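Please look at the packing in the structure shown below.

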Amino acid sequence: MSDAPAVPAEQVLHFPDGIPGFPRSRRFVLADIAEDSAFQILQSLDEPEVSLVVSVPWLFFPDYAPVLDETDQRDLGISSPDDAIVFCAVAVDETGEQVYLNLLGPFVVNAATRQGRQVVLSDSSLPVRAPVALAS
């Protein structure tokens with residue numbers, strides 16, 4: 001266990017299987033990058049050097065409608081969209097000018113239990129790198 005700062009239990013997100021690429025990171029917290037920012041940091045409490053920039057997809061893709069398969073719904077205890085917190089990993093191209101969201105593999109967390117996982121949606125038409133139009 002690391003020397004992570006104390007975080008109120010109700011703010012901790014638990015990923016029992018870890019997340020792809022970081023199997024030892026199982027406890028995370030969402031932290032604001034800046035006030036009123038569209039982006040947040042998904043910060044590992046188990047490995048402080050592990051963090052990802054994430055965003056709520058509907059800020060950029062209002063028609064985004066991920067459908068969880070029955071196994072993910074059952075395992076996460078999600079029976080309706082209101083049960084879920086959904087956010088997507090953010091990537092930036094090599095120029096630092098284009099931002100992308102991973103719409104095919106969102107993070108889904110049960111809002112009540114705070115248990116989550118990164119899922120791969122069966123709708124293979126959704127992009128792993130959906131370009132985001134940022135206001136100038």
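Leaving aside its neighbours within four places in sequence, Tyr64 is in contact with Pro57, Trp58, Val86, Cys88, Leu103, Pro106, Leu121 and Leu126, where contact means heavy atoms within 4.5 Å. The model is a predicted one, in which local features need pLDDT of at least 70 and side-chain atom pairs count only at pLDDT 80 or more, while totals for chains, interfaces and linings use all residues. Residues are numbered from 1 along each chain as its sequence is written, and side-chain values use heavy atoms, with hydrogens and water left out.

**Nonpolar cores**

Tyr64 is also one of the residues with the most contacts inside the largest nonpolar core, which has 18 residues; Leu68, Leu101, Leu103, Val108, Leu121 and Leu126 are the others named in that group. A nonpolar core is here a set of buried Ala, Val, Leu, Ile, Met, Phe, Trp, Tyr and Cys residues joined through side-chain atoms within 4.5 Å. Buried means under 20% relative accessible area, exposed over 50%, and partly exposed in between, with a 1.4 Å probe and protein chains only. At least two residues of this core come from each of strand S5 (84-92), strand S6 (99-101) and strand S9 (130-132), and S5 gives the most, with 3 residues. Strands (E, at least two residues) are DSSP runs, numbered from the N terminus. Apart from this core lies another, of 11 residues, among them Leu13, Ile19, Val50 and Val54.

**Strand pairing around S5**

| Strands | Sense | Bridges | A bridge pair |
|---|---|---|---|
| S4 (residues 51-55) and S5 | antiparallel | 2 bridges | Val54 and Ala89 |
| S5 and S7 | antiparallel | 4 bridges | Val86 and Val108 |
| S5 and S6 | antiparallel | 3 bridges | Val90 and Leu101 |

S5 and S6 form a hairpin with 6 residues between them, and Gly96 in the turn has a positive phi of about 80 degrees. In a regular strand the side chains alternate between the two faces of the sheet.

**Aromatic rings**

Rings of Phe, Tyr and Trp (its six-membered ring) pair if their centres lie within 6.5 Å, and planes under 30 degrees apart count as stacked, over 60 as edge-to-face and the rest as tilted. By this rule the count comes to 5 aromatic pairs. The rings of Phe15 and Phe28 have centres 5.4 Å apart and planes at 85 degrees, so this pair is edge-to-face. The pair links distant parts of the chain, with Phe15 in the loop between strand S1 (13-14) and strand S2 (27-32) and Phe28, 13 residues apart from it, in S2. Both Phe15 and Phe28 are buried. The rings of Phe87 and Phe107, by contrast, have their centres 5.3 Å apart and their planes at 20 degrees, so they are stacked. Phe87 lies in S5 and Phe107 in strand S7 (residues 107-110), so the pair ties together parts that are 20 residues apart in sequence. Phe87 and Phe107 are likewise buried. Ring pairs link Phe15, Phe28, Phe87 and Phe107 into a cluster.

Arg129 lies over the face of Tyr100, at 4.0 Å from the ring centre; a charge sits over a ring if NZ of Lys or CZ of Arg is within 6 Å of the ring centre and within 35 degrees of the ring normal.

**An exposed loop residue**

Pro20 lies in the loop between S1 and S2 and is exposed, with a relative accessible area of 57%. Pro20 and Gln118 are 98 residues apart in sequence and, C-alpha to C-alpha, 7.7 Å apart in space.

How values were computed: Two strands pair if DSSP finds at least two bridges between them.
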